[in-house]
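Please keep the structure open while reading.

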Amino acid sequence: MNIIWNKTSRQFHLYNDQISYIIAVAPSGELSNIYFGKRIRERDDFSYVIFRNGMPNIAVDADTESYSMELNRQEYPSFGTTDFGASAFEVEQSNGSRVSSFVYKSHSIFPGKRAITGLPATYAAEDEAKTLEVELVDEQAQMTLLLSYTIFEKYPVVARHAEFKNTGSTKVKLTKALSCCIDLPDQDYEMVQFAGAWARERIPEVRKLTGGTTSIESKRGVSSANFNPFMIIKRPNTDDFAGDAFGFSFVYSGNFLAAAEGNTYGRLRILMGINPERFTWVLKEGETFETPEVVIAYTSTGLNSLSQTYHRLYNNNLVRGKWKNKPRPILNNNWEATFMDFTEDSILKIAAKAKEAGVELFVLDDGWFGERNDDFAGLGDWVENPAKLPQGMAGLARKIEAMGLKFGFWIEPEMVNPNSNLFRRHPEWVLAVPGRKSSLGRHQLVLDFSREEVVDYIYNMLYKVINGASISYIKWDMNRPLTEVFSNGCPAQEQGMVYHKYILGVYSLYSRLIEAFPDILFESCSSGGNRFDAGMLYYAPQAWCSDNTDAIDRLRIQYGSSYGYPIVSIGSHVSAVPNQQTGRTTSIATRANVAYFGTFGYELDLNEISDKEFDEVKSQIEFMKEHRELIQYGDFYRLRSPFETDQTAWMVVSEDRKRAIVGFYCMRSNVNTLPGFLKLAGLDPDTLYRMEGKEYYGDELMNMGITLSEFYKKGFTISEDFASFVTVIDAI
Ligand code: GLA
């Protein structure tokens, strides 16, 4: 890994064993993207890539008349000079002009990586990464722009963000400040986006790119279940096992834009950052604005390897704290078992049975505080309801811990019900436009987290509940999008800052709670997977993936989530049947076979299942305890897509390739067809493995495949809806 500065050609070459990222100071002084892709050898000069011939009707740079930005590739384009494509930023200056031109001034290269103030970001020790920071300046605007690039030793990844500084004495206004731009030299690509809604999150959708703009975005104040802030730009023939692709992962949890713009000269511009719609940022004298980070990855060997890059990078260089790289506790959550209708006794009964089954952590979900007996009241009043918890959270935690279980509970700190003491005392603390009606979502309003005093107040209330009790886990929920976004704490000309300030408030509350309680495992949640993003993983190492706990739907949701996010971050539980969201009945075996590939837990009352099922649950928990380290941190391979066939399969392989676990699922039976084969991946071709008492070489399992009829004989009927198997493969 290194970053080379060629003084004569004025070019930077960032490289490691796998990738090269080459940037030039363009003839106009701006930064030009020369190359990003598979590693190429270092040369003094790559400027032959810069296109210098004039073409009719092209605006050229005044000082270097053969150079036009429109024909060349940009690192961080502005609008207003010779590039007519989408800009990466816009700054409104005191004279009203938005034309800017930031030109190279200086740079620094240093080992490791700097943090971004108040924002989540990947981190790296000095021997893990190198960072290039290029300082550009626009003298007329009296501003500097710092473009930051980090290359990691072990990963085919570059992390980017930008930082603006107002060095003048008058205010300027950023009206757009994306985090990165990459211009690719041709348009023969497809965009894979992860789209959905509540209960059907992160479903991959592929779109052919061409001239014009293809984009996804969120304007909901959360990254959203509708479009995830992660996209893949791939060659049309790239699949999970082969081919070129780039990943763009936004380390941010609020409004975002991800776009691919093809221009008529064949160039493809990729942009990602905070959604410029509803965004402005006022920079007073001496102030800076740092954008969130985008993690850009490249693969030449297919999407499984792209995903594995994100899995490893995020597990090692994004997730922090005690739970980093640790297998996660098997939990039992009472939500689908009781909803808000519980007493301490009924909770203890569920917990006792969970303990008997081998569960390690009990989680008390919504309904324990204020007047919270339904979802019309109580949010904002973070004080225990004595009718449900007579000895408070501390008392319940004590009793649960006495059983030999760890204990955790649910909060939704960003919200308030109009029917709450908090709202009655502080109606001005919500996001709302004075004089206009406020829209409700799940009967609740959003607290104005752009205001420090609101975050302080919630912190203090939560601190009291957590500090008094022995708490190992917190599920942090967020159940509605932001509407009527207006802050009473903000002057008129700064209202465009509220969406971003809100997220900064969320991050600051997370930071304060983590600092006060470093051992707590946080799980983020937002009506299921409405805020499942890399930003959240910096604070909460796991996320409730979806409120849809139906095993068959979960195959698609978890499969889609695995493209951008580590398996260990995917909250997955076994719940009761018929499933509460889909009405579908699947066996307890299939429900567990799906839930194993995530954090694993139970979302039901184990007293309610049959003795036979309870015995199965006990062995499921034993299985997960034995294998969770491998499942959660091994190399994950998607083998067969649930979007293309009626069967799906995935597997994990240990780093030394000595053990693997395969999950196979039949979503819909196909009568009178042959069972067929399932080709495995990631094994050592020359190693002899044992599977179900028989021996096979790795090359057989990967090239010929598992004969599914083997499992047919074991009682697994291929022609049975929702049948599944999980099998362990060991090197001999
Ligand atoms: C959201 C979550 C659920 C549960 C409920 C509680 O819907 O996604 O898991 O916690 O809130 O109200």
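## Surroundings of W368

Leaving aside neighbours within four places in sequence, W368 is in contact (heavy atoms within 4.5 Å) with F342, W382, V383, E384, N385, L389, M393, F409, W410, I411 and V465.

The model is predicted, with pLDDT of at least 70 needed for local features and 80 or more for side-chain atom pairs, while totals for chains, interfaces and linings use all residues. Residues are numbered from 1 along each chain as its sequence is written, and side-chain values use heavy atoms, leaving out hydrogens and water.

## Cores and domains

A nonpolar core is a set of buried Ala, Val, Leu, Ile, Met, Phe, Trp, Tyr and Cys residues joined through side-chain atoms within 4.5 Å. Buried means under 20% relative accessible area, exposed over 50%, and partly exposed in between, with a 1.4 Å probe and protein chains only. The largest nonpolar core has 198 residues, and W368 is among those with the most contacts inside it, together with I233, F248 and F409. This core draws at least three residues from each of domain 1 (87-317) and domain 2 (640-731). Apart from it lies another core of 22 residues, including M651, L678, L680 and F725.

The domain bounds come from an automatic or database domain assignment. The C-alpha centres of domain 1 and domain 2 lie 38 Å apart.

## Aromatic pairs

Rings of Phe, Tyr and Trp (its six-membered ring) pair if their centres lie within 6.5 Å; planes under 30 degrees apart count as stacked, over 60 as edge-to-face and the rest as tilted. The count comes to 50 aromatic pairs. One of these, F36 with F246, is tilted, at 5.4 Å centre to centre and 40 degrees between the planes. F36 lies in strand β4 (residues 31-38) and F246 in strand β15 (residues 245-251), so the pair ties together parts 210 residues apart in sequence. Both F36 and F246 are buried.

The ring centres of W429 and Y457 are 5.3 Å apart with planes at 70 degrees, so this pair is edge-to-face. W429 is in the loop between α5 (421-425) and β25 (445-446), and Y457 is in helix α6 (residues 452-468), 28 residues apart. Helices (H or I, at least four residues) and strands (E, at least two) are DSSP runs, numbered from the N terminus.

## Hairpin

Strands β36 (residues 688-691) and β37 (residues 694-697) pair (at least two DSSP bridges) in the antiparallel sense over 4 bridges. Y689 stands opposite Y696 in β37. Between the strands of this hairpin are 2 residues, and E692 takes a positive phi near 50 degrees.
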